[in-house]
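Biologist: Thanks for sitting down with me over this one. Could you take me through the fold and a few of its residues?

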Amino acid sequence: MSPKTRAYLEKLYQLLEKMPEDERLDAIREIESHIAEGMAGGQSEEAILTRLGDPRVLAKAYRSEYIMEKGSARSFKDVMVMVGFYCSTGLLSVIVIPVLATIAYGFGFCSVLIFIAGFIRTFGVTWIQMNLGPGIEVPTEWSMLYSTIVGGIVGGIAYVSWRGLRNYMNFLSASYKKVLPGSRAA
């Protein structure tokens, strides 16, 4: 077996880490057998590995097959873990995702409008008003500076909300992968 094939099989073995050991070894043996048969039939090792494709995709197929075979034999604990996950994250997501998304995109849009308004007001558009408080108007020549500061603050809030939304979605994705049947060592 060449170093390239050995590296491919080792990568596949690592990617199947969430499956039971006997299932992992069966998958590796099956691929080894496939490679050996292909080479005995006159195919090049490179062509066989190319046809097998990315080991990540192949590992995903093996994990999916394992989950589908195990699907009907879910334990009570597996079912309760999934119910707990869906009840807690599902209800929380109904609140968190829309709020963070609205803040992120709404404030992001507003920060752009604030910059544009400051730019336009600097060149004499009188119908745009900028006030520091009741009765205290920003002078026209300070409009660009004022809009840059306020727009930066609003844009910063949008950015923090967007990062929070991304982190929450990544957390949900990682948590979901943990509760899937077959993701824990059986």
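Modeller: Gladly! One definition to begin with: helices (H or I, at least four residues) and strands (E, at least two) are DSSP runs, numbered from the N terminus. Please keep in mind that this is a predicted model.

Biologist: In what order do the elements of the protein run from the N terminus on?

Modeller: The secondary structure comes to 6 helices and 2 strands. Read from the N terminus on, the order of these elements is α-α-α-α-α-β-β-α.

Biologist: What does the C-alpha trace span along its principal axes?

Modeller: Buried residues make up 27% of the 186 residues, and the protein exposes about 12,100 Å². As for the C-alpha trace, its span along the principal axes is about 85 × 45 × 20 Å.

Biologist: Which elements give two or more residues to the largest nonpolar core?

Modeller: That core has 16 residues, and Tyr8, Leu12, Leu16, Ile31, Leu52 and Tyr62 touch the most other members. The elements giving two or more residues to this core are helix 1 (3-15), helix 2 (21-40), helix 3 (45-52) and helix 4 (55-70).

Biologist: Which residues does Tyr62 touch, not counting those up to four places away in sequence?

Modeller: Tyr62 is among the core residues that touch the most other members. With residues up to four places away in sequence not counted, Tyr62 touches Leu16, Met19, Ala27, Glu30 and Ile31.

Biologist: Is Ser161 buried or exposed?

Modeller: Ser161 has its place in helix 6. Leaving aside neighbours within four places in sequence, Ser161 is in contact with Leu100, Ile103 and Ala104. Its relative accessibility is 8%, and buried means under 20%, so Ser161 counts as buried.

Biologist: And how does Lys177 count, at 47% relative accessibility?

Modeller: Lys177 is also found in helix 6 (residues 143-179). In sequence Lys177 and Leu15 are 162 residues apart, while in space they are 14 Å apart, C-alpha to C-alpha. Exposed means over 50% and buried under 20%, so at 47% Lys177 counts as partly exposed.

Biologist: How far apart are the mean positions of the positive and negative charges?

Modeller: The protein has 19 positive and 17 negative charges. Their mean positions are apart by 7 Å.

Note on methods
Residues are numbered from 1 along each chain as its sequence is written. This is a predicted model: local features need pLDDT of at least 70, side-chain atom pairs count only at pLDDT 80 or more; totals for chains, interfaces and linings use all residues. Side-chain values use heavy atoms; hydrogens and water are left out. A nonpolar core is a set of buried Ala, Val, Leu, Ile, Met, Phe, Trp, Tyr and Cys residues joined through side-chain atoms within 4.5 Å. Buried means under 20% relative accessible area, exposed over 50%, partly exposed in between (1.4 Å probe, protein chains only). Contact means heavy atoms within 4.5 Å. Accessible areas come from the Shrake-Rupley method with a 1.4 Å probe; for residues, only the protein chains shown count as cover. Lys and Arg count as positive and Asp and Glu as negative; His and the chain ends are not counted. The place of a charge is taken as NZ of Lys, CZ of Arg, CG of Asp or CD of Glu.
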